[in-house]
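This report covers a protein model with its chains, domains and selected side-chain contacts. The sequence and structure come first.

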There are 2 protein chains.
Amino acid sequence: MTENRPAKPQTGRHNLDPHLDRYAARTAGMTASEIRALFAVASRPEVVSLAGGMPNLAALPLDTLSAQVGEIIAEEGLVALQYGSAHGIPALRDQICEIMALEGIKAHPDDVVVTVGSQMGLDMVTRLFCDPGDVVIAEGPSYVGALGSFSAYQANVVHVAMDEHGLVPEGLREALHQAEKAGQRVKFLYTIPNFHNPAGVTLSVQRRPEIVEICREHGVLIIEDNPYGLLGFDGQTYPALRSLDPDNVVYLGSFSKTFASGLRVGWVLAPHAVREKLVLAAESATLCPPTFNQMIVSRYLATHDWKGQIKKFRENYRERRDAMLSALQQYLPPGCSWTNPDGGFYVWVTVPEGVDTKAMLPRAVTARVAYASGTGFYADGFGSRQMRLSYCYPTPERIREGVRRLAAVLESEMDLSRTFGSVKARTIPGPETPSPDTV
Amino acid sequence: MTENRPAKPQTGRHNLDPHLDRYAARTAGMTASEIRALFAVASRPEVVSLAGGMPNLAALPLDTLSAQVGEIIAEEGLVALQYGSAHGIPALRDQICEIMALEGIKAHPDDVVVTVGSQMGLDMVTRLFCDPGDVVIAEGPSYVGALGSFSAYQANVVHVAMDEHGLVPEGLREALHQAEKAGQRVKFLYTIPNFHNPAGVTLSVQRRPEIVEICREHGVLIIEDNPYGLLGFDGQTYPALRSLDPDNVVYLGSFSKTFASGLRVGWVLAPHAVREKLVLAAESATLCPPTFNQMIVSRYLATHDWKGQIKKFRENYRERRDAMLSALQQYLPPGCSWTNPDGGFYVWVTVPEGVDTKAMLPRAVTARVAYASGTGFYADGFGSRQMRLSYCYPTPERIREGVRRLAAVLESEMDLSRTFGSVKARTIPGPETPSPDTV
């Protein structure tokens, strides 16, 4: 190596990253969530975190699972620890079809592709369909991880409003009309029909055929993301969009909320032609999903009362949902409103004019409560009067205490706003990247 | 749903995929390997497969592992089965630094990002750096999975030749010069310095500083892919390129060949600024790598004589390498040549003029032996006189038998060629996608 190395290319006067000139254009949208730094503080035990989307796994049968994972290695270790196919193991793909049948889906196991969590499914679908500048339609707000994938492939997100019955068909029609008028290529509608993350609402049964039909009419594919569908608090399920139009819906499923998120096992059910491309895309992304993890899920489903287990999860979450809704009712100042989820993990809260949830977050964390501010769930900087509260993880007592603390912070913020006018956070439009804290 | 649905957009007269108009431009390069269909046949027990790159795991201590995975769930199940960070668990990142120190790397655990196999690391690095049309320089031949990722991000691959001492510095200089003259943006050199897949050669110690310096001079990053570095048959190791220029090398590591491929645990060691972006990219790809799998690897490293285990693997592979080289010497017809690997999994064979390895493959499979034809390892359709033979998986006896069968097929192919002229396979330039059979 010579001593006198040539000067590195420099962009900007004080740039600390010598690689700055080398990054792909897509990295421009890749910025860490501003709230991420706060999470280090928010994860202290004295802070009640209503920010995260971590499932509460306490009800899992760890003794049984401990024995089963050991058995898999002892009995089939050389298979479990070896490469598999990018398609996924056949036994699990069969079982996934049985699960999807609970929501009215008739599918062939060949059309299921196992992925490293449904986040990978989302990423693969975007990889397959989106060129830079293509439009993706999504609910507003939408899942932060989806916005991260869309941004990674430089797709433009157009948000469509929801009401208490979910995505508004008229809004979808209007968005498609506008995009067509502007000559934009709309690649798909990305939607979470059941127990929406972050909005906490469910697409009504009446609207489902209409949404499906609108997309058909406009030649737009539907990406149906359904991680929470079996977590309806009354055991209710809804017909999957995929069951209404198998050829025009790509369905994403996950074991993260119904079994164990740390195994990272999800799946995509795709029309046949799409499925073949999906397997090829998955090979270039990870070669194959972990074989052992697929076998763990498969054995668990084959030997355990997994429906009973989901019922336990549901009851657990319902108790927490009840605690949160009653605490919101009791503590939140007038002028706040929120959604009433019938399942899933989240309540979406709108605060009075003059309060900026992003600007307020550091003060909330100081008051020992954390939430996810609304802006992270929009690609366009909207959401500063919204926040997502998760009830999935803390105990009901902690949830009540968290909401009590949040209410006090809100009250003082509203006082300030009345006295001095609203405090605006520095707004950086564009999606924040997801993190396990905000899934 | 109305009865009279509008006609779907159609491309081509007899197109069976209604989604054809919707795919991203990158999918054009996404075609299944032509040899994939053959693998269904090649995986029959009567066929000796010298095609796959599956590690031979028979030496693994399954009893110990069985107990350990059970303990992890019993003792720390609620952590193991829960989401983690996209960065990876700290204990494992510490251990990874100890492993990399064996090849001269001094690294901070903060700069390690755990990935779902090093395939994901490769995909993430390409995502970070490559815009469509950017140039990636790679050895010719190169790893098929890398070519798949480069193709997914629409990068153009320029191959540089190797000789028995690895990548040829003059070739690298020339390629960089040509690209610069043509105004192309070269983003990085992708290289496998140790026990190359598929070429079976190792970059000499003398050349390493020169390669590093050339890349520095031209402002080109190095992606160093090193899955086989600890599998040198004499226990020898080589100084990692990363150890020679930490700021300009992104290093990819893997537990797939030194422990268990089915767990899908690999890593990227990146310069600090790159590492931050890498974590963000990984979040949008899979949220986080499986927590349980990371804990399994970490506990195995902490409690097991993993260096002794790698020694066992090495001895196993050396015995198979010996069997293959002596069989090639004994059986292969005159005019064939091959590399002499000192480690790793592969021998690269060149056959006489007139023989096309892709055209010959179906006949080889009929004769109950399979290999990977050379064209899959080039982005430009080259490699039809080459083939990769893997000695990692079959027993030495089976390897000898496989080579004997292959030699007979070659002889008859050469006879045919002498009589009727060469038989050309239909050549489709462009990389074939990887599959676990060809890793």
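Leaving aside its neighbours within four places in sequence, which residues is Q236(A) in contact with? In this predicted model, Q236(A) is in contact with F195(A), G229(A) and D342(A) once those neighbours are set aside. Q236(A) itself sits in the loop that runs between β7 (221-225) and α8 (241-244) of chain A. Its side chain also reaches backbone atoms: the backbone nitrogen of D234(A) is at 2.9 Å, and the backbone nitrogen of F233(A) lies 3.4 Å from a polar atom of the Q236(A) side chain.

**Domains of chain A**

Chain A is divided into domain 1 (25-54 + 308-420) and domain 2 (75-303). Taken over C-alpha atoms, the centres of domain 1 of chain A and domain 2 of chain A are separated by 26 Å. In the contact between them, 27 residues of domain 1 of chain A meet 29 residues of domain 2 of chain A. On the side of domain 1 of chain A that touches domain 2 of chain A, α12 (306-331) and β11 (346-350) of chain A each supply at least two residues. The most comes from α12(A), with seven residues.

**Chain A against chain B**

The contact of the two chains takes 100 residues from chain A and 100 residues from chain B. Across the interface of chain A and chain B there are two salt bridges and 47 residue pairs in polar contact, both at pLDDT 80 or more. Among the elements that give two or more residues to the side of chain A that touches chain B are α2 (62-80), α4 (117-129) and α10 (272-286) of chain A. The most is given by α2(A), with 11 residues.

The size of an interface is often given as the accessible area lost when the parts come together. The table lists this area for both interfaces.

| Interface | Buried area | Share on carbon and sulfur atoms |
|---|---|---|
| Domain 1 of chain A and domain 2 of chain A | about 2400 Å² | 63% |
| Chain A and chain B | about 8200 Å² | 62% |

**Salt bridges**

Over all chains the count comes to 38 salt bridges. Between the chains, D123(A) forms a salt bridge with R127(B), with the closest N and O atoms 2.4 Å apart. Within chain B, the side chains of R299(B) and E75(B) meet in a salt bridge at 3.1 Å, N to O. This pair links distant parts of the chain, 224 residues apart: R299(B) belongs to helix α11 (residues 291-303) of chain B, and E75(B) to helix α2 (residues 62-80) of chain B.

**The sheet of chain B**

Chain B has an open sheet of eight strands with mixed pairing, in the order β2-β9-β8-β7-β6-β3-β4-β5. Its edge strands, β2 (112-115) and β5 (166-167) of chain B, each pair on one side only. Strands β8 (residues 249-254) and β9 (residues 266-269) of chain B run antiparallel and are joined by four bridges. In this pairing L252(B) stands opposite V268(B) of β9(B).

Which strands does helix α6 (residues 169-181) of chain B lie across? Helix α6 of chain B lies across β3 (135-140), β4 (156-163), β5 and β6 (186-191) of chain B, and runs at about 155° to β4(B).

Terms used
Residues numbered from 1 in each chain as written. Chains lettered and ligands numbered in written order. Predicted model: local features only at pLDDT ≥ 70, side-chain atom pairs only at ≥ 80, totals over all residues. Heavy atoms only, no water. Pairing = 2+ DSSP bridges. Contact = heavy atoms within 4.5 Å. Axes fitted to C-alpha atoms, helices over the stretch in contact; angles between N-to-C directions. Domains from an automatic or database assignment. Buried area = accessible area lost by both parts, 1.4 Å probe. Salt bridge = Lys/Arg side-chain N within 4 Å of Asp/Glu carboxyl O. Polar contact = N/O pair within 3.5 Å; in protein donor to acceptor, adjacent residues only side chain to side chain.
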